[in-house]
2 protein chains.
Amino acid sequence: MLATIITIGDEILIGQIVDTNSAWMANKLNEIGIKIHEIISVSDNESHILEAVDKSMKQSDIVFITGGLGPTKDDITKATLCKYFNAELILNEALLTQLTAYFKQRGRVMNESNKMQAYVPDNCEVIPNERGTAKGMWFEKDNRILLSMPGVPHEMKHIMEDHILQRLQRDYALPYIHHKNIMTAGLGESYIAEKISDIEDGLPAHIKLAYLPHLGAVRLRLTGRGKVGTDLIEEINRISASITDRIAFYVYGFDELKLEEALGNLLKKHQKTISTAESCTGGSVAAAITSVPGSSAYYEGSLITYSYEVKQRELGVKAETLTKYGAVSTETVEEMLVGILGKMNTDYGIAISGVAGPGGGTPEKPVGTVYVCVGNKTKMQTKRYQLTQNRADNIALTTTYALFQMKSFMDEVEGLLS
Amino acid sequence: MLATIITIGDEILIGQIVDTNSAWMANKLNEIGIKIHEIISVSDNESHILEAVDKSMKQSDIVFITGGLGPTKDDITKATLCKYFNAELILNEALLTQLTAYFKQRGRVMNESNKMQAYVPDNCEVIPNERGTAKGMWFEKDNRILLSMPGVPHEMKHIMEDHILQRLQRDYALPYIHHKNIMTAGLGESYIAEKISDIEDGLPAHIKLAYLPHLGAVRLRLTGRGKVGTDLIEEINRISASITDRIAFYVYGFDELKLEEALGNLLKKHQKTISTAESCTGGSVAAAITSVPGSSAYYEGSLITYSYEVKQRELGVKAETLTKYGAVSTETVEEMLVGILGKMNTDYGIAISGVAGPGGGTPEKPVGTVYVCVGNKTKMQTKRYQLTQNRADNIALTTTYALFQMKSFMDEVEGLLS
């Protein structure tokens, strides 16, 4: 099955936003065996959209469109699709009822442009969108499919994941593809490649390995194509096991598992609790931990201590430690850890202090210097990291490294105890 | 002058990388008055590239191509362009000398595929690339221009900035374009559209308005095209002023300003400090505030209090308040605010408690119910928000709304005082 992706929006063509939707869709579609022929971005202009749709419907079996479905005047996808399909916009009563309920539930008034969203082309099937007022539309013509979705990324992803991908897999004979992701942190792409180069060289032609690095973590994706599902799965599992064996310390899980989920699972398993004391990360580690549903079972709370004063008063960091070693030092993060473990009364804790930048660097501790201390009431481990010149990257990298350091520490301690 | 951008590479069509090149180019080209008709991404496949080039040369005055120029076998752009232009690859002696010097300087051995980079189509002008071995190529045919550049972002940007953009501005009569962004928060796209519909309807043909919503915030972008720069700027400023006047409460700034920066600027201006007490947002508001460089000038610290115990012990929330009204209530967030202002000794504070989901909802307080209290030592303001079913969205939306509520509150208080 061959696909074309069309993203619609002036904001893409004037370079105000980067089109991340098409990469996300291309990735998901490839995973279920749908190949992308072309990605086209056009402006909110009827004739351009018509031309792109016409070309796409001729060259592919399925066309995915995002964008141009909002309630405002500059969104013209719906009218344009009516024109292409010779369809009429008609009021969908069920949709109007849903939209009315949606606005009522939020205590918001429904205006005329919101009501217009209940009008849909008479030849399409409405695809639910529980995240917003612009619904998806499923058209079929001459055995080809056209799917139109809103351009808001989280709404589009929701519609694709909950209402489109499985249906395509169920109803169409797609080639059998199996993926397995090995999730790693703490080791760079090229180091991993070096450690597993013989495994990679020995891969059979129908199995491919891709390295997908992202801010301190690397996902290794094995993709196999074949006809017999179980054999392929077993074959990929064997290769995955030999890779995992080689870099065991850095593998924190498989498939879509996030590092904060892996840490959360470990805390739940051992019925332990955690807290954080953060300076340069400004709450990002706590935000990652609490992004996991159910994290209240093991997370108690955090202190974010930006100033010297707050570090002293709230975490009991000694004035002389700050004077002698500085706020960015092994000594300070270790006192921060003791402070937060006492204050939140948790089994484990993470303490962080660093120079996120752009200001605050010194020759000994330039921008990108970060100390992370993890530990419990009897043992702690501090590491110094030398990161980048970029504030946002430093915060994101520190968050990944701190979660990974905490998980590795827990693995060791809980392993010894059990 | 109308342009098409073509990005070439299998990695884009399988979703392994996001195409950021075309957004960067589109932005730069718009700034000098070149309008993008379409962005096309195709794989490293001769017939797909030929088709895209042919279409682009027919529909636009200038075509920008990135990608497919590296030394490896799968990079086929150069051969494909020879075919399109009926040209021959010939050895460019000057280029070979340059490449030889480039490799010598880096102490690297030049192999056969590197040498191939000195061969260029006989009908093009070579555009220098001081950052890498793949040069740019400038073709002209029937008064249309085709520019081919490598896909490595920093190399492409360097070629565009140092060798292409100025030349286009110098040699071609390009229209004048001016953008202005009005940054708003706290009011949905459709409500804004309703409030300013007469202004929008009255816009002259050469000025366009676009709504760019993102998790609780909406950017309004005015784009004007004209010949006399200063008149156009004044005209756009007048329209911007009348829109801003109409929705003044929701406008927090202009152009690329972020909400956390607007709040930070306000705190700096009035030399005030801030702290946060967060429950369901888990540190996301603190992380947003501290994402701004220099935020240590006004941000002291935060307490993230997930459990009842920590709320009581660290913030002084009364046990009876929690029992009688619950952790998600006006009473609790108001006590949290008093607690954090005292604890961190700041002028302003934000306190948040809510049901992020997916668990924890009740009929009275379903998932998505959030209370945000902002205030100082003499006055506070609490709002209840009814958000979505999605945990990540609820956290992100609450962060935007809390920052906006704090900024609006400060505007009022500091306005009254000044």
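Guide: Let us begin with Leu209(A), whose bridge partner in E11(A) is Leu222(A). Please bear in mind that this is a predicted model.

Visitor: In what sense do E10(A) and E11(A) pair, and over how many bridges?

Guide: The general idea comes first. Strands of a sheet pair through backbone hydrogen bonds, in either a parallel or an antiparallel arrangement. Here, strand E10 (residues 207-214) of chain A and E11(A) are antiparallel, with eight bridges between them. The two strands form a hairpin with two residues between them. In that turn, Leu215(A) has a positive phi of about 40 degrees.

Visitor: Which strand of chain A is joined to strand E11 (residues 217-226) by ten bridges?

Guide: That strand is E9 (residues 176-185) of chain A, and the two run antiparallel.

Visitor: Let us turn to chain B. In what order do the four strands of the open sheet stand?

Guide: The order in chain B is E10-E11-E9-E12, and the pairing is antiparallel. E10 and strand E12 (251-254) of chain B are at the edges with a single partner strand each, so one side of each has no neighbour in the sheet. On average, neighbouring strands of this sheet are turned by 20 degrees against each other, direction ignored. Between E10(B) and strand E11 (residues 217-226) of chain B there are eight bridges, and His214(B) stands opposite Ala217(B) in E11(B).

Visitor: How is chain A divided into domains?

Guide: Chain A has domain 1 (2-171), domain 2 (176-254) and domain 3 (259-417). The C-alpha centres of domain 2 and domain 3 of chain A are 30 Å apart. Their contact takes seven residues from domain 2 of chain A and nine residues from domain 3 of chain A. On the side of domain 2 that touches domain 3, four residues are nonpolar, three are polar and none is charged.

Visitor: What describes chain A as a whole?

Guide: Its secondary structure comes to 16 helices and 17 strands. Along the principal axes, the C-alpha atoms of chain A fill a box of roughly 80 × 60 × 40 Å. Of its 418 residues, 44% count as buried. Among the contacts in chain A with a separation of 6 or more, 65% are between residues 24 or more positions apart.

Visitor: Is E14(A) enclosed or open, and why?

Guide: Seven of the seven residues of E14(A) are buried, so this strand is largely enclosed by the rest of the structure. Strand E13 (residues 274-278) of chain A runs parallel to E14(A), joined by five bridges; Thr276(A) has Ser302(A) as its bridge partner in E14(A). From E13(A) the chain crosses through helix H12 (residues 284-290) of chain A to E14(A), and this β-α-β crossover is right-handed.

Visitor: With which strand of chain B does E14(A) pair?

Guide: Strand E14 (residues 299-305) of chain A pairs with E14(B) in the antiparallel sense, over five bridges. One of the facing pairs is Thr305(A) with Gly301(B).

Visitor: How many residues does each chain bring to the contact between the chains?

Guide: Chain B brings 62 residues and chain A brings 62 residues. E14(B) gives the most to the side of chain B that touches chain A, with seven residues. By class, that side of chain B has 29 nonpolar, 24 polar and nine charged residues.

Visitor: Finally, which backbone features deserve attention?

Guide: Most residues other than glycine have a negative phi, and most peptide bonds are trans. In chain A, the peptide bond from Gly357(A) to Pro358(A) is cis, with omega near 0 degrees. Pro358(A) lies in the loop between strand E15 (348-354) and strand E16 (369-375) of chain A. In chain B, the bond from Gly357(B) to Pro358(B) is cis, with omega near 0 degrees.

Visitor: Where is Asn86(B) placed, and is this residue buried or exposed?

Guide: Asn86(B) is in the loop between helix H4 (77-85) and strand E4 (89-91) of chain B. Although not a glycine, Asn86(B) has a positive phi of about 55 degrees. Asn86(B) counts as exposed because it has 9 C-beta neighbours inside 10 Å, the cut-off for exposure being 12 or fewer.

Methods: Residues are numbered from 1 along each chain as its sequence is written. Chains are lettered from A and ligands numbered from 1 in the order in which they are written. This is a predicted model: local features need pLDDT of at least 70, side-chain atom pairs count only at pLDDT 80 or more; totals for chains, interfaces and linings use all residues. Two residues are in contact if their C-beta atoms, placed from the backbone, lie within 7 Å. Ala, Val, Leu, Ile, Met, Phe, Trp, Tyr, Cys and Pro count as nonpolar, Asp, Glu, Lys and Arg as charged, and the others, Gly among them, as polar. Two strands pair if DSSP finds at least two bridges between them. A residue is buried if 20 or more other C-beta atoms lie within 10 Å of its own, exposed if 12 or fewer, and partly exposed in between; C-beta atoms are placed from the backbone. A crossover is right-handed if, with the strands pointing away from the viewer, the path from the first strand over the helix to the second runs clockwise. Axes are lines fitted to C-alpha atoms, for helices over the stretch in contact, and angles run from 0 to 180 degrees between N-to-C directions. Domain bounds come from an automatic or database domain assignment.
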